[in-house]
Each structure stands twice: as C-alpha cells, then as structure tokens.
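Q: Can we walk through this model together? I'd like quick answers on side chains, helices and annotated sites.

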Amino acid sequence: MRVLDWNALDDSERTAALERPAQAVGEQVTAAVAEVLDAVRARGADAVVGYTERFDGVGREHLLLSEAEIDRAVEQVPDAVRAAIAQAAATLRTFHAPGALSPFAVDTAPGMRCERIVRPVRTVGLYVPAGSAPLPSTALMLGVPAVLAGCPEVVVCTPPTAQGTADPSVVAACVEVGIRRIAVVGGAQAVGAMAFGAGPIPRCDKIFGPGNSFVTEAKRQVAGMQGGPGIDLPAGPSEQLVIADAGANPVWVAADLLSQAEHGPDSQVVCVSDDRDLLEQVAAEVERQAAELPRAQIVAGALTASRLVLVDDLDQAVAVSNAYAPEHLILAVRAPRELLAGITAAGSIFLGDHTPESLGDYCSGTNHVLPTSGAARYTGGVNLASFQLSITVQEASPRALAQLGATAVTLARAEGLEAHARAVTRRVDASEAAAGGAR
C-alpha cells in the first residue's frame with residue numbers, strides 16, 4: 001500500500017482512488033448473473049441443483065437439510081463455539097428488540113381516525129455466505145431480527161461445503177435463533193431460488209444478506225423485476241475506512257484493515273490520516289502482519305485495491321469518508337465523538353482505540369449486514385424494522401367525510417381526476433339527502 005496525497009489529486013484521480021474493485025467488472029458480473037437467474041426462473045430446482053454442481057462441485061438429492069443432518073451438524077460444533085454463538089445471539093436480541101416499529105393512532109380531524117399497524121414480512125429469505133469462510137455470525141445477524149419480528153416463514157440459503165452439506169457452525173447459529181429450514185445452495189442461484197421459488201425453497205417476499213459481487217448483483221436484478229422480491233440493501237464485498245490521527249496505534253490500525261481485507265479479494269480497506277508518518281507505519285505493519293495470516297493470499301488480493309490517503313486535517317478526513325460512504329468506519333482518533341457529528345454516510349461507526357470493528361461483526365449487538373458500494377449515503381443496516389411492514393389505516397365518520405370531503409374534491413378536480421371527486425360527492429350528497437328526508 002502506498003500513500004496517496006489527497007490534495008495532490010485532481011477530481012478524476014480522487015474518484016478513481018475511491019472506486020470499489022467490484023465496480024470495475026460490473027458488466028461481466030451483470031451478464032453472468034442474468035443468465036443464472038433466467039435459468040432458475042425457467043427450470044426451478046433443477047437449475048439450482050445444476051449450478052450448485054457446476055460452481056461448487058457438489059450434488060445433493062435434496063436442497064434442504066433434513067432434521068437428522070441438522071442435528072448431526074450441531075453436534076459437530078465445539079461447546080466453546082456454541083457458547084459464543086449463544087452469547088452473541090443474546091447481545092443481538094438486547095440491541096434489536098427496542099427497534100421494532102410501533103403502531104399508533106391519531107385523530108387528524110374530528111371523526112377522522114388514522115392509524116399505523118405493524119405486520120411482519122410474511123416470507124423472508126436469508127442468505128448466509130460460506131464460501132472461503134463460513135459466517136455463522138451472519139445467520140445470527142439476520143435470524144435474530146427475523147424471529148423477533150415474527151416472520152411466519154423463514155428460509156436460510158447457505159453455500160455447500162466440499163462434503164455437500166452446510167457448515168456446522170452456520171447450522172448451529174440457525175438453530176440457536178430458531179430456524180431449521182436451511183437450504184444448501186449459494187451464489188446467484190440461491191438468490192434466484194428465493195426470488196422465484198425452487199422446489200422446497202419458497203418464493204420470498206424479501207431477501208436479506210450480504211455476499212460477493214454476484215450475490216449483490218443478483219439481489220439488485222430480482223428486486224427490479226415486476227413482482228420481484230424486496231431486498232434489504234446492497235450488501236456486497238466487505239469494506240472499511242479508518243480515520244486515524246497521529247496518536248493512533250499503527251499496529252492496531254493495520255490489524256483493523258486486515259480484518260476486513262481477509263474477507264475476500266474483492267474487499268477494500270482505506271486508511272485516511274493527517275499524519276504521513278502514521279500512514280507509513282501502518283503500511284509497514286500491514287505488510288508485516290499480512291504475511292503472518294492464514295488467508296495471506298486473499299488479503300494480498302484485497303490490498304491491491306486498498307488505499308492510504310493523506311489529508312490536511314481531520315475535517316478533510318471526514319469529508320473523504322463521507323464521499324466514500326463506508327460500510328464500516330473506525331474513528332481511531334483522540335476525540336472520536338467530536339468527529340461523530342460530521343459523519344453523514346456510514347453503515348456502522350466504531351469509536352476510539354478500543355472498539356475494533358470485529359466486535360460489531362460478532363457480538364457488540366449491532367448488525368453487521370450493512371450497506372456497501374456507497375449505499376450508506378441513503379440507507380442504513382439491517383434491523384428489526386427491516387422485517388416489518390407499516391400499514392396505514394383510516395376510518396372516517398359521516399361528520400369527518402362532510403368536513404374533509406370538500407378538500408378532497410377541490411384537490412381531485414385541480415388534478416383533473418373527476419372520478420376521485422365523485423367518490424366523495426356521491427357519499428356527501430346521499431348523507432345530506434338522508435338528513436333532509438329525516439327532517
């Protein structure tokens with residue numbers, strides 16, 4: 001990693017410096033995903049099985065895990081891991097439970113009652129990555145709010161292991177939150193199965209979960225189809241930005257950068273600082289620590305598109321961060337809360353030297369399914385309300401109809417929509433006629 005002087009770059013160079021690696025291969029990914037989705041929509045489970053054999057090299061007679069397979073998988077998970085899964089689930093429940101949408105009712109005029117009622121999304125599909133690294137934590141992040149929201153039908157899709165089954169730790173996490181409908185399928189074909197339905201995988205009203213560029217593109221495509229499912233957010237390859245001042249510990253900053261770089265070669269990490277010496281120390285530490293990691297080859301791929309950026313001051317660092325809109329943002333500065341007010345775009349923020357992003361990935365209680373690719377400019381991460389629908393209800397008394405009807409009629413006719421107006425006037429006229437007859 002080399003240091004880029006932000007103030008020595010022109011606008012096009014700044015744009016290039018903050019470009020995500022996945023964006024450079026967008027057309028190829030788009031075409032490949034469209035082919036997979038068309039096949040799954042046309043041939044259902046048969047296409048899903050075929051793509052699983054082609055891409056993952058495994059075949060299964062049944063897409064869903066049987067009860068016996070689930071029980072065997074959980075038994076394989078060490079007690080310490082199962083205890084950690086339970087603890088993480090507990091913190092997630094504690095944080096997410098207060099975030100539910102609340103029903104309310106209000107009289108907007110005499111006799112005009114308006115309400116909001118809340119319902120869970122009926123059928124949800126949860127995508128849990130498990131390619132180069134199984135992510136039981138994602139099963140928790142998605143499963144806990146889905147269950148808390150009371151979604152009637154929940155299915156998990158997760159890629160197969162080399163043995164053709166689901167990763168045991170992912171299965172254990174699903175069981176911990178109360179989900180036992182687990183399909184052994186990954187990639188764009190899993191998204192297609194949840195979008196269109198495929199054998200035992202139901203057609204889902206909304207699809208959740210992060211994934212690589214193919215999964216993210218598949219979610220984008222199905223969400224744009226007529227009658228397609230909703231999606232939580234663009235949650236693609238992992239990314240992290242660290243704002244560090246001269247007092248930051250370069251060893252810790254490097255460790256934070258590498259913690260996200262090891263997710264995959266299409267991940268991206270950025271460090272922004274007003275201190276060149278700190279950036280150079282971070283660069284040296286990244287190189288030293290990366291060589292020690294089991295996933296050093298994956299890290300090396302991610303680091304090719306990663307950046308060290310020198311700015312004039314921390315205010316400019318915040319401006320760079322907001323332009324990038326990172327999935328994860330660490331404020332490794334002496335007074336992190338002083339910078340917090342200026343942050344306008346980030347999926348999740350980690351304050352100070354003692355709050356590594358890894359806590360949010362696993363057990364702080366917040367959700368790690370977060371917007372990527374700059375989507376933090378307009379949306380936040382997954383939460384309990386993501387699994388709920390708010391439905392408005394209104395009920396008018398004859399008095400309210402008479403009082404508010406004139407407003408509706410005036411606005412309808414201003415828009416040239418006479419049928420709208422007459423839906424009101426016919427009722428008002430009938431009520432007035434009935435009142436006159438009664439006299």
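Q: Arg41 first: how accessible is its side of things, buried or exposed or in between?
A: Arg41 is partly exposed, at 47% relative accessible area. Buried means under 20%, exposed over 50%, and partly exposed in between, with a 1.4 Å probe and protein chains only. This is a predicted model, where local features need pLDDT of at least 70, side-chain atom pairs count only at pLDDT 80 or more, and totals for chains, interfaces and linings use all residues. Residues are numbered from 1 along each chain as its sequence is written, and side-chain values use heavy atoms, with hydrogens and water left out.

Q: What does Arg41 meet in a salt bridge?
A: Asp38, at 3.4 Å from N to O. A salt bridge here is a side-chain nitrogen of Lys or Arg within 4 Å of a carboxyl oxygen of Asp or Glu. Asp38 is partly exposed too, at 43%.

Q: Where do Arg41 and Asp38 lie?
A: Both are in helix H2, residues 26-43. They sit 3 residues apart, about one turn of the helix. Helices (H or I, at least four residues) and strands (E, at least two) are DSSP runs, numbered from the N terminus.

Q: How many salt bridges by that rule?
A: The count is 17.

Q: Which parts does the Asp71 and Arg180 pair tie together?
A: Asp71 and Arg180 form a salt bridge, with the closest N and O atoms 2.9 Å apart. Asp71 is in helix H4 (residues 67-76), while Arg180 is in the loop between helix H7 (168-177) and strand E6 (182-184), so the bridge links parts 109 residues apart in sequence. Asp71 is partly exposed at 38%. Arg180 is partly exposed at 33%.

Q: And Glu292, what's its partner?
A: Arg288, in a salt bridge of 3.2 Å, N to O. Glu292 counts as exposed at 55%. Arg288 is partly exposed at 42%.

Q: Which residues do shared partners join into one network?
A: Glu67, Asp71 and Arg180, through salt bridges that share partners.

Q: Back to H4 and H7. How do their axes cross?
A: At roughly 110°, and the axes come within 8 Å. Axes are lines fitted to C-alpha atoms, for helices over the stretch in contact, and angles run from 0 to 180 degrees between N-to-C directions. H4 and H7 are therefore roughly perpendicular. The cut-offs: under 35 degrees is roughly parallel, over 145 roughly antiparallel, 65 to 115 roughly perpendicular, the rest oblique.

Q: Which residues make the contact?
A: From H4, Ile70, Ala73, Val74 and Gln76. From H7, Pro168, Val171, Ala172 and Val175. Contact means heavy atoms within 4.5 Å.

Q: What about phi at Ser373?
A: Near 60°, again positive in a residue that isn't glycine. Ser373 lies in the loop between helix H15 (357-362) and strand E14 (388-396). Ser373 is partly exposed at 39%.

Q: What does Asn383 touch?
A: His96 and Pro145, not counting residues up to four places away in sequence. Asn383 is in the loop between H15 and E14, and is partly exposed at 33%. Asn383 and Leu370 are 13 residues apart in sequence and 9.8 Å apart, C-alpha to C-alpha.

Q: Now annotation. Where does UniProt place "binding site"?
A: The unreviewed entry lists Ser238, Gln260, His263, His328, Asp361, Glu415 and His420. They span 183 residues in sequence, and the farthest two C-alpha atoms are 54.9 Å apart, so they do not all gather at one spot. UniProt positions use the numbering here, feature names are shortened, and annotations may be inferred rather than shown by experiment.

Q: Which of them line the largest pocket?
A: Its lining includes Ser238, Gln260, His263, His328 and Asp361. On a 1 Å grid over the protein atoms alone, a pocket is an open set of points where a 1.4 Å probe fits, with protein on both sides within 12 Å along at least five of seven lines; lining residues have an atom within 4 Å of a point.

Q: And where is Glu415?
A: In the loop between helix H16 (398-414) and helix H17 (418-438). Glu415 is exposed, at 59%. His420 is in helix H17, and counts as exposed at 53%.
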